[in-house]
Amino acid sequence: MHGDPKEFELKLELAETKLPDVAAAAASKQFATGKPRRQRLLSIYFDTPKHALRHAGITLRLRCVDGNWVQTVKLGTGVHGGISNPTEIEAPVPGEKLRLDLIPSGRVRKKLCKLTADKALTPIFRTHVVRTTHRLKSAGTEAELALDSGCIRSATQTAAICEVELELKTGGTEQLLEIAQHLFADIPFRFGSQSKAERGYRLAEFDRLPGYAPIKAPKTRLYPADNVA
């Protein structure tokens, strides 16, 4: 989608007990600009009954922030090696109701209308998150660090959320990764492999199943030339 805004974000997963350590590192004089902000976020993700948007690599959500509702469309939502680089288009809406006509990008609006024509858009899952946001600056690069703690809820399933998102606002990606190196030098973490949306969809899949069933692991192939790495 040429011309539509994209974001570059690093997603990390870690133990909830480590969030204060990340916050302390972010508050250091080396990076901090201003005071951190704490918010409660309710996000509702919508799709057709057969998840047409998901299959097209699109997420559609409503988010309530400080009593105000924002509609967000994301395209290219996969997470690879902890990196998320989707196109993101936001627009305020008057309440807890989708308004596809308010999507500012004409091409994205047409794409969604084509995918959802004559199909009902309904809530698939929700996320309830307490987010603490830090504004960071280093060598001309500005970034936003978000510490998220909460849960994802589908109709029958719930999963915990504890993750960190480091989003580039201005500057270069190399400097953003240098900031991440300093912040997490002594903090154990995993690179995120799924967005909140993908985790929510996976929970929603269990809503359709009559029960859990075992799945056999694939065979592991090892060769004499393989090393530990």
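## Side-chain contacts in a predicted model

Glutamate 13 is buried, with a relative accessible area of 17%; buried means under 20% relative accessible area, exposed over 50%, and partly exposed in between (1.4 Å probe, protein chains only). This is a predicted model, in which local features need pLDDT of at least 70 and side-chain atom pairs count only at pLDDT 80 or more, while totals for chains, interfaces and linings use all residues. Residues are numbered from 1 along each chain as its sequence is written, and side-chain values use heavy atoms, with hydrogens and water left out.

### Salt bridges

Let us stay with glutamate 13 for a moment. Its side chain meets that of arginine 190 in a salt bridge, at 3.2 Å from N to O. The term stands for a side-chain nitrogen of Lys or Arg within 4 Å of a carboxyl oxygen of Asp or Glu. Glutamate 13 sits in strand S1 (residues 9-13) and arginine 190 in strand S11 (residues 190-191), so the pair ties together parts that are 177 residues apart in sequence. Here, helices (H or I, at least four residues) and strands (E, at least two) are DSSP runs, numbered from the N terminus.

How many salt bridges does a search of the whole structure find? The search gives 18, and the table shows some of them.

| Salt bridge | N to O distance |
|---|---|
| Glutamate 13 and arginine 190 | 3.2 Å |
| Arginine 37 and aspartate 66 | 2.9 Å |
| Glutamate 167 and lysine 169 | 3.5 Å |

Arginine 37 is partly exposed at 48%, and aspartate 66 is exposed at 52%. In the remaining row, glutamate 167 counts as buried at 13% relative accessibility, whereas lysine 169 is partly exposed at 36%. Elsewhere, salt bridges that share partners join Glu9, Lys11, Arg131, Asp148, Glu163, Glu165 and Lys196 into one network.

### Aromatic pairs

The structure also holds 4 aromatic pairs. Rings of Phe, Tyr and Trp (its six-membered ring) pair if their centres lie within 6.5 Å; planes under 30 degrees apart count as stacked, over 60 as edge-to-face and the rest as tilted. Phenylalanine 125 and tyrosine 201 have ring centres 5.3 Å apart and planes at 75 degrees, so this pair is edge-to-face. Phenylalanine 125 belongs to strand S8 (residues 122-138) and tyrosine 201 to helix H5 (residues 196-207), so parts 76 residues apart in sequence are tied together. Both of these residues, phenylalanine 125 and tyrosine 201, are buried. Ring pairs link Tyr45, Phe125 and Tyr201 into a cluster.
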